[in-house]
Amino acid sequence: MMVPAAAQLDDPTRPPGHRLPGSKQSGPSWYVNTIKISEHERIAIVNGRRVRVGDTVGGARVVDIQPSYVRLRYQQEEVAIRLVPGTIRKQFR
């Protein structure tokens, strides 16, 4: 009797961009290093590149930058790439 292989499930505790050994990537991947929001600008570092709304990174257009995520549009779909929760800090005046 054969037992079917277990389906791979997403692990919410796995760091962004992490892949299991031997796993195949099914398209581009993005990760957010930093997000800076001030009164005058919204900037994020995505895949090591500084971007603003309207810029392109890894084939996707940046459509929104929020304190905890960056929203990208890739092939007619939108995807939110989140910062790891422990890295979010608020700056006080």
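View 1. Of the 14 residues in the largest nonpolar core, Val-46, Val-70 and Leu-72 touch the most other members. Strand E1 (32-37), strand E2 (42-46), E5 and E6 are the elements that each give two or more residues to this core, and E5 supplies the largest share, three residues. A nonpolar core here is a set of buried Ala, Val, Leu, Ile, Met, Phe, Trp, Tyr and Cys residues joined through side-chain atoms within 4.5 Å; buried means under 20% relative accessible area with a 1.4 Å probe, protein chains only. Strands are DSSP runs of E, at least two residues, numbered from the N terminus.

Please keep in mind that this is a predicted model, where local features need pLDDT of at least 70, side-chain atom pairs count only at pLDDT 80 or more, and totals for chains, interfaces and linings use all residues. Residues are numbered from 1 along each chain as its sequence is written, and side-chain values use heavy atoms, leaving out hydrogens and water.

**View 2. The surroundings of Val-46.** Setting aside neighbours within four places in sequence, Val-46 is in contact (heavy atoms within 4.5 Å) with Trp-30, Tyr-31, Val-32, Asn-33, Val-51, Val-57 and Val-70.

**View 3. The hairpin of E5 and E6.** Strand E5 (residues 60-65) pairs with strand E6 (residues 69-74) in the antiparallel sense over four bridges; pairing takes at least two DSSP bridges. Three residues lie between the two strands. Look for Asp-64, whose bridge partner in E6 is Arg-71.

**View 4. The hairpin of E6 and E7.** E6 and strand E7 (residues 77-82) run antiparallel, joined by six bridges. Tyr-74 has Glu-77 as its bridge partner in E7. Two residues sit between the strands of this hairpin, and Gln-75 takes a positive phi near 50°.

Key. Buried means under 20% relative accessible area, exposed over 50%, partly exposed in between (1.4 Å probe, protein chains only).
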